Amino acid sequence: MGKPRVQLYYKNVTADIIGRKHGINAEQFQELANQTKPVISELNQMRESGQVAYRDLPYNEDYPRQVKEIAGELEGKYENFVVLGIGGSALGNIALQTALNPYMYNLDEKQRAGRPRLFVFDNVDPAQLASFLNWVDDKLDKTVFNVISKSGRTAETAAQFLTIRNVLLEKLGEKGYREQVVATTDSKQGTMRTITDDAGFKSLEVPDGVGGRWSVLSPVGLLSAAVCGIDIDELLEGARSMDERVKTEDFFKNPAAINAAVNWNYYNCGKRISVMMPYSYNLKDMSDWYRQLWAESLGKSKDLRGHDIFVGPTPVKALGTTDQHSQVQLYREGPNDKLFTFLQVNEFENDITIGGNPDCAPELGYLGGAKMSKLLNSEKIATEYALLKDKRPCMTVMFDKIDAHAVGEFIYLFEVTTSLAGLLFGIDAYDQPAVELGKEATFALMGREGFTDMAKDISPVAEIDDSFLI
Ligand SMILES: O=P(O)(O)OC[C@H]1O[C@](O)(CO)[C@@H](O)[C@@H]1O
């Protein structure tokens with residue numbers, strides 16, 4: 001195991017820093033260790049018995065090979081790579097791209113170095129898709145679509161796919177349609193598998209037992225990453241090296257255990273909001289990915305025995321320094337009901353020296369000639385300092401630098417944190433039953449066969465009562 005490139009710093013949740021009322025003292029940490037240790041071993045056993053399939057993704061050799069094969073076949077042929085998916089079938093792709101490719105990737109051919117632009121459509125906003133279709137119209141033969149859906153029945157992804165299918169068939173005929181869609185879906189069953197087999201698309205598998213939000217290290221997240229030049233081997237290597245650290249039953253050496261236990265502790269003490277605040281634009285979409293992972297995994301009404309429990313910390317995303325000028329007033333003076341997790345990068349690959357100040361503005365002299373990374377990281381420390389003055393608990397995930405290895409470490413750290421938190425809360429972290437009702441109500445409102453009763457039930461909500469409309 002090499003030197004860790006991502007580490008968790010948790011001193012600023014201790015009673016020494018924020019006092020006994022809001023901080024965790026040494027005995028409480030020992031108690032948390034005692035409570036978490038059996039949970040780490042339970043998770044290790046669940047993994048041994050094949051119940052936590054995502055844990056083994058970094059070790060699967062077939063997936064990266066298949067992904068590279070398809071990426072190789074597409075290489076040099078296409079200018080645009082478009083992902084159609086939603087939730088776990090999109091958020092990881094977006095997060096990897098923002099983290100590991102430059103900000104101007106899509107707009108700057110030089111920075112793309114011959115690779116296709118990446119677009120991810122994770123919505124059914126007609127204005128958005130229409131604008132894209134308008135733009136892509138004369139570039140359609142240079143555009144490949146990766147439809148990602150495990151179930152194949154998700155209305156958003158299905159609607160996007162059907163729209164694109166029409167456009168491809170109309171403009172490029174059967175051959176274009178067949179060649180310019182890659183499906184990532186269940187290997188055996190489901191609507192998208194049926195369509196894939198029927199049309200003869202190239203396809204990749206969404207692994208069995210791996211739900212959308214746990215799938216970024218499978219072909220779901222790996223194909224768009226590989227096509228856009230991200231080193232997927234390093235990404236998986238990073239996850240493997242984090243695995244060594246998060247499987248240890250030594251609580252104080254296990255960053256996922258400490259992360260989960262601290263979050264669980266604060267939830268139980270009434271701090272039920274968990275804010276993730278990266279001080280790095282590259283990491284900004286990691287908090288979006290984490291938001292789904294945390295919310296769908298931990299927001300549950302039943303415990304493992306089926307009793308009412310209604311738990312779940314609310315994940316909130318923020319961005320430093322942007323949200324200092326939007327949220328920090330609330331974070332400091334509003335209710336002390338949040339745990340803050342900052343993401344900090346120690347070394348930026350591309351740094352900027354801030355320009356010198358004009359003679360007429362000597363008050364800007366402190367900025368002139370300073371490194372912009374120093375300003376960004378100083379603002380992070382300044383915000384943390386200000387929050388700590390008000391006894392707000394803070395942790396930091398420190399990245400040595402942002403590269404595929406570190407991002408793989410980070411992803412795996414938060415996946416295992418979520419699994420351990422699920423066990424501490426005593427809930428099933430792998431289902432999402434509450435999402436189903438909204439999906440079915442959509443079917444009913446769209447007139448899908450078999451949902452007539454539900455449509456009747458929905459009508460009081462669908463009909464606007466004018467007497468309440470002002
Ligand atoms: O890949 P699918 O089956 O289209 O599902 C997309 C997303 O919908 C959900 O089932 C519910 O939001 C997520 O868990 C999942 O990531």
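Predicted model: local features only at pLDDT ≥ 70, side-chain atom pairs only at ≥ 80, totals over all residues.
Colleague: At what angle do helix H11 and helix H15 pack, and how is H11 placed relative to H15?

Modeller: Helix H11 covers residues 255-268 and helix H15 covers residues 404-425, and their axes lie 8 Å apart. The packing angle is about 45°. That value makes H11 oblique to H15.

Colleague: Which hand does the crossing of H11 and H15 have, and how many charged residues does their contact hold?

Modeller: H11 passes H15 in a right-handed crossing. On the H11 side the contact includes Pro255, Ala256, Asn259 and Trp264, and these are among the residues that meet a set in H15 including Leu413, Val416, Leu420 and Phe425. By class, the contact of H11 with H15 has 12 nonpolar and three polar residues, and the number of charged residues is given as no charged residues.

Colleague: How far apart are the axes of H10 and H15, and at what angle do they cross?

Modeller: The axes of H10 and H15 come within 6 Å, and the crossing angle is roughly 45°. That makes H10 oblique to H15. The hand of the crossing, with H10 passing H15, is right-handed. In short, the axes come within 6 Å and cross at roughly 45°.

Colleague: How many charged residues are in the contact of H10 with H15?

Modeller: Residues in H10 that meet H15 include Glu234, Glu237 and Asp243, and the H15 residues met by H10 include His405, Glu409 and Tyr412. By class, the contact of H10 with H15 has 12 nonpolar and four polar residues, and the charged residues number four.

Colleague: What span should helix H10 have, and what is the distance between its end C-alpha atoms?

Modeller: Helix H10 runs over residues 232-246, which is 15 residues.

Colleague: Which elements cover the buried residues of H10?

Modeller: The buried residues of H10 include Ile232, Leu236, Ala239, Met242 and Val246. Asp243 and Arg245 are also buried. What covers the buried residues of H10 includes helix H3 (62-74), helix H9 (219-227), H11 and H15.

Colleague: How is H3 placed relative to H9, and how do the residues of their contact divide by class?

Modeller: H3 and H9 pack at an angle of about 40° with their axes 9 Å apart, and that makes H3 oblique to H9. H3 passes H9 in a right-handed crossing. Among the H3 residues that meet H9 are Tyr63, Val67, Ile70 and Leu74, and among the H9 residues in this contact are Pro219, Leu222 and Val227. The residues of the contact divide into 11 nonpolar, one polar and one charged.

Colleague: Is Val6 buried or exposed, and how far is its C-alpha atom from that of Gly238?

Modeller: Val6 lies in strand S1 (residues 6-9). It has 24 C-beta neighbours inside 10 Å and therefore counts as buried. Beyond four places in sequence, Val6 touches residues including Val397, Phe399, Phe410 and Leu413. Val6 and Gly238 are 232 residues apart along the chain, and their C-alpha atoms are separated by 9.4 Å.

Colleague: Is Ala113 buried or exposed, and what is its phi?

Modeller: Ala113 sits in the loop between helix H5 (109-112) and strand S3 (117-121). With 9 other C-beta atoms within 10 Å, Ala113 is exposed. Ala113 is not a glycine, yet its phi is positive, at about 50°.

Colleague: Is Phe310 buried or exposed, and in which strand does Phe310 lie?

Modeller: Phi of Phe310 is near 50°, a positive value in a residue other than glycine. Phe310 has 9 C-beta neighbours inside 10 Å and so counts as exposed. Its strand is S9 (residues 308-311).

Colleague: Where is Thr321, and what is the form of the peptide bond from Gly320 to Thr321?

Modeller: Thr321 is placed in the loop between strand S10 (314-317) and helix H13 (328-333). Omega of the bond from Gly320 to Thr321 is near 0°, and the peptide bond is cis.

Technical notes: Residues numbered from 1 in each chain as written. Axes fitted to C-alpha atoms, helices over the stretch in contact; angles between N-to-C directions. Helix = DSSP H or I, 4+ residues; strand = E, 2+ residues; numbered from the N terminus. Parallel < 35°, antiparallel > 145°, perpendicular 65-115°, else oblique. Left-handed = near helix turned anticlockwise from the far one by under 90°. Contact = placed C-beta atoms within 7 Å. Nonpolar A, V, L, I, M, F, W, Y, C, P; charged D, E, K, R; others polar. Expected span 1.5 Å × (residues − 1). Buried ≥ 20, exposed ≤ 12 C-beta atoms within 10 Å, placed from the backbone.
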